[in-house]
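Q: Could we go through this structure together, one piece at a time?

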Amino acid sequence: MPIQGYPDPGEGLRLHLNENTGGCSARVLDAIRRVQTADVSTYPSYPSVVRACARHFDVDPDWVLLTNGLDEGILMAAVGHIARTRAFDAETIIPLPAFDPYPNSTAAVGATAIRIPPEPGFVFQTEAVIRAITPRTRMIFLNTPNNPTGQLISIADLKRIATAAPHAIVLIDEAYIEFGGETFLPELSKCPNVLVGRTFSKAYGLAGMRVGIVIGQPTALDAVRAVTLPFNVNAVAMAATHAALEDHDFLPRYAAQVAESRARLYAACRGLGLEFWESAANFVLVRVGDAVPLFVEALASRRVHVRDRSRDQSTPGCIRITAGITEHTDAAIDALESVVAGRRLR
Ligand SMILES: Cc1ncc(COP(=O)(O)O)c(C=O)c1O
């Protein structure tokens with residue numbers, strides 16, 4: 001078995017995990033420095049952070065469940081809605097390409113993943129998802145903007161799917177919604193079978209703290225709450241989350257950098273003749289063709305780490321590049337240009 005987690009790529013620009021390349025708010029670091037002995041020696045208390053999140057997302061506190069990263073929220077949703085029911089024939093629906101924890105959580109609870117292959121251009125396939133719904137469907141994993149394509153699913157399409165599967169839970173993963181697109185949250189009061197997943201890892205730069213949120217009506221959320229461990233998020237992460245929510249300037253500033261970085265990446269790809277997909281998230285999927293691992297290695301040797309997506313059959317020949325602070329993007333573009341030029345010379 002490999003060592004736990006992803007290997008550290010070493011020195012250089014981390015553009016391979018869609019993290020915030022500018023770090024977190026200074027207010028978060030101050031809050032972490034102010035952590036007291038009692039915060040460390042006692043079990044964490046969640047109500048005040050839950051209330052702050054509820055205010056921020058404009059929902060009732062009963063609709064909020066804090067999780068150890070959204071990763072945990074995804075797994076617990078599957079445990080709560082599938083494993084707990086002991087249904088032997090449960091299915092989940094997963095449009096491709098998809099974030100690995102959807103099939104992994106499906107497998108963990110012994111369900112069968114019904115995968116919807118992508119269309120050219122990665123246009124979201126609402127009809128194919130609706131056609132795949134059966135009485136056995138327990139969960140539908142929808143991700144908008146999608147990782148790794150950056151494509152959005154419209155609110156109308158999300159509603160159609162939720163309405164077509166009243167017996168199933170629709171998990172709308174909005175991990176990257178702060179960078180583009182429209183949140184489903186205002187629709188949630190009309191959708192008792194929908195859960196919305198959010199994270200502090202991306203836009204807020206708290207990936208190392210591990211804080212996610214699952215939001216939904218008690219009809220959908222209580223089953224997840226029932227299986228989630230009582231002290232799943234640590235006290236330091238709670239202090240960090242509070243401070244992140246209080247810094248109102250941080251998010252718009254960073255989102256503007258991301259938008260500019262995406263535009264620079266598109267221009268660079270156009271110049272280099274590389275196919276790419278315009279993205280609503282903090283990354284861009286680029287097709288570099290054959291020999292992606294060699295390409296990724298050549299970028300890494302220039303201290304730029306990007307994600308090899310070529311092993312996923314839905315994204316052949318592709319890499320995914322995080323778009324963050326513009327200076328970092330410019331450095332990545334320089335490296336990209338020199339690798340492409342080097343390959344053309346051979
Ligand atoms: C689509 C998607 N959902 C959820 C997550 C998980 O985020 P977290 O760091 O909160 O576990 C990620 C992280 O990469 C992601 O890409």
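Q: Which residue in β5 does Thr92 stand opposite?
A: Thr92 stands opposite Met139 in β5, where strands are DSSP runs of E with at least two residues, helices are runs of H or I with at least four, and both are numbered from the N terminus. The model is a predicted one, in which local features need pLDDT of at least 70 and side-chain atom pairs count only at pLDDT 80 or more, while totals for chains, interfaces and linings use all residues. Residues are numbered from 1 along each chain as its sequence is written, and side-chain values use heavy atoms, with hydrogens and water left out.

Q: In which sense do β3 and β5 pair?
A: Strand β3 (residues 91–95) and strand β5 (residues 137–143) are paired in the parallel sense over three bridges, and two strands count as paired if DSSP finds at least two bridges between them.

Q: What packs on the sheet, touching β3 and β5?
A: Helix α5 (residues 101–108) packs there, touching β3, β4, β5 and β6 (169–173), with contact meaning heavy atoms within 4.5 Å. The direction of α5 makes about 170° with that of β3; such angles run from 0 to 180 degrees between N-to-C directions, and the axes are lines fitted to C-alpha atoms, for helices over the stretch in contact.

Q: And what is the order of the seven strands?
A: The seven strands form an open sheet in the order β2-β8-β7-β6-β5-β3-β4, with mixed pairing. Because β2 (64–67) and β4 (112–116) stand at the edges with a single partner strand each, one side of each is left without a neighbour in the sheet.

Q: New topic: which residues come nearest to the ligand?
A: Of the 14 residues around the ligand, the nearest are Leu70, Asp173, Tyr176, Thr199 and Ser201, where a residue counts as near if one of its heavy atoms lies within 4 Å.

Q: What does the side chain of Asp173 do there?
A: An N or O atom in the side chain of Asp173 is 2.5 Å from a nitrogen atom of the ligand. For Lys202, a side-chain N or O atom is 2.8 Å from an oxygen atom of the ligand.

Q: Back to sheets, what order does the open sheet of five strands have?
A: The order is β1-β11-β12-β10-β9, and the pairing is mixed. The edge strands, β1 (13–15) and β9 (275–277), each pair on one side only.

Q: Which residue in β10 is the bridge partner of Glu275?
A: The partner is Arg287, and three bridges join β9 to β10 (residues 283–287), which run antiparallel.

Technical notes:
Polar contact = N/O pair within 3.5 Å; in protein donor to acceptor, adjacent residues only side chain to side chain.
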